[in-house]
Amino acid sequence: MRRIPVWALKPGMIVDRPVYDINGGLLINRGRVLKKEYIHRLKRMDISFLYIRDSFIPDVDIEDVILDETRNRAISVARSVLEEAFREQPSKNSLNLIMEKSNFGEVVDDIIDQLLGANDLMVNMADIRSTDNYTFAHSVNVAVLALTTAISLGGYGRSKLRHIGSGSLLHDLGKIKIPLEILNKEGPLEEEEFEIVQEHPLSGYEIVSQKDILEDAARDIILQHHERNDGNGYPKQMIEEEINPLAKMVAISDVYDALTSDRPYREGFLPHEAMDLMEIKGDEFDIDMLRALFHHVAAYPVGTFVELSSGELGVVVKNKAGYPRHPRVRIFFVGEDKERVQPYEVNLRGKVDQTVVRALKEDEVNKIPGAQAMISGER
Ligand SMILES: [Fe+2]
Ligand SMILES: [Fe+2]
C-alpha cells in the first residue's frame, strides 16, 4: 500500500484504503479499480491523496492507530456538536443533548482504549480529508495525537485522558463562526481576517462555559490551545507554567496536524519536515512533550519512497515506536543510475553508518526508470 497524490492517480489503479463521504458512508471501497469518474469526483471533493496497491509493497498493510469506524464516528460526533453550537439560538441544553445522543463520551473512550491497546503505537497513516470535513477530521486527529503524547509520557489516568480527548475534539469549536472564505483563503490573511481567526479560542470557550459542558481542564484546552511557552501565542500570551499541560499537548498536536495537512493554499509538509520545523521552534513548545509525541509518529511512514545515505532507493515497510527516523526499508533501486535490483530489506534501527537522507515525492518517483511499470501494477 502506498500513498499517492490525486494528480498522480490513473484509471486502473487499485484502491487499497476506503474513502468515506462526510457522513461516514462508503464512497470507494478497498479493492476497487479506479475509473476516470472516481478520480474526477475525488478532485471535486478536494481530496488530495489516496492509498493504492501497486507492485512495490503489495504485501504490506498500513494500519491506522484507531479503527475506521471509530474515526468516522468521532468525525460525525465532532461535526454534530460544532454544528449545533453554530445555530443562532441553541436552547440551553441542546449541546448537552447532542453530546448525550451521539455518545460523545463513549467515542472518546473508544479512542483511548484503542490507543492504549496498541502493541506498538506508531502513527503511519494520514486520514483522507476533503475540504468539507477538514475541521472535524482535524479535530479527531488532534485528539489521537494529543492522547498519544499523554500515553507516551505516562502518568495520566483515565479522567485526564478523557479531558484531553473531549477538549481536543472540540478545540476548534469557535472556528465554526469564522466565514469559510477566511478559513480556506488562498494566500496570506489580512490583519482584520487574522484577528477574526484569533477569536476562536475565546469564543469556543464561551460557548462551552455558557452551556456548561465539559470539565475545566477540557475547557482550558479550548481556551489555551494557541498559547505558546515563549508567550508568543494568543489570546492571553500566557507563558510556560501558566498554560495547562493538557492544552500544551493539544497545541503540539494541533500544529503538527495542520503542518502535515494539505490545505487549499499549500501542500502539506511531509512528517519529517514538520518534525524538523517544530523542533527548531523549541521555545514555543514543551520539548519533552514534543519528543514524547514524535517517538510514536513515523518520520517516514510506511509506503514512503526514501533515499538512503548509501544511495539505495526503496520504500519504507515498517516503523517501530521509539525509532521514528529509523525505518525498515525495502530497496528496489541502487546507484547513480538507479539500477533496478532484486528487492532486499535494510533495517536502519541500530545502524550508525546508514540513514535516510530524504523522502521522494511522487513526481520524483515517477521519473525513476523502471518505477512507472511498478506503479501501474506490473512487475
Ligand atoms: Fe485552533
Ligand atoms: Fe486546530
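Leaving aside its neighbours within four places in sequence, with which residues is isoleucine 111 in contact?

Modeller: The model is a predicted one. Leaving aside neighbours within four places in sequence, isoleucine 111 is in contact with Ile66, Thr70, Ala74, Ala143, Val144, Leu147 and Gly165.

Isoleucine 14 is found in strand S2, residues 14-15. A residue counts as buried if 20 or more other C-beta atoms lie within 10 Å of its own, and as exposed if there are 12 or fewer. Isoleucine 14 has 15 C-beta neighbours inside 10 Å, and therefore counts as partly exposed. From C-alpha to C-alpha, isoleucine 14 and isoleucine 111 are 29 Å apart in space, and in sequence they are 97 residues apart.

The whole chain may now be considered. The protein chain has 15 helices and 10 strands. Its radius of gyration is 21 Å, close to the 21 Å that the globule rule gives for 379 residues, so the chain is as compact as a globular protein of that length. The C-alpha trace spans about 65 × 45 × 45 Å along its principal axes, and 41% of the 379 residues count as buried. Among contacts with a separation of 6 or more, 67% are between residues 24 or more positions apart. The domain assignment gives domain 1 (2-53), domain 2 (68-294) and domain 3 (305-375). The C-alpha centres of domain 1 and domain 3 lie 25 Å apart.

Finally, one helix shows how burial can be arranged. In helix H9, residues 200-210, the buried residues are His200, Pro201, Gly204, Tyr205, Ile207 and Val208. Seen down the axis of H9, these buried residues fall within an arc of 160°, so they line one face of the helix. An α-helix has 3.6 residues a turn, so residues three or four places apart point the same way. The buried residues of H9 pack against helix H2 (68-86), helix H8 (191-198) and helix H10 (216-224). Just after H9, aspartate 212 takes a positive phi of about 55°.

Terms used: Residues are numbered from 1 along each chain as its sequence is written. Chains are lettered from A and ligands numbered from 1 in the order in which they are written. This is a predicted model: local features need pLDDT of at least 70, side-chain atom pairs count only at pLDDT 80 or more; totals for chains, interfaces and linings use all residues. Helices (H or I, at least four residues) and strands (E, at least two) are DSSP runs, numbered from the N terminus. The radius of gyration is taken over C-alpha atoms; the globule rule is 2.2 Å times the number of residues to the power 0.38. Two residues are in contact if their C-beta atoms, placed from the backbone, lie within 7 Å. Domain bounds come from an automatic or database domain assignment. The arc is that of the directions from the helix axis to the C-beta atoms.
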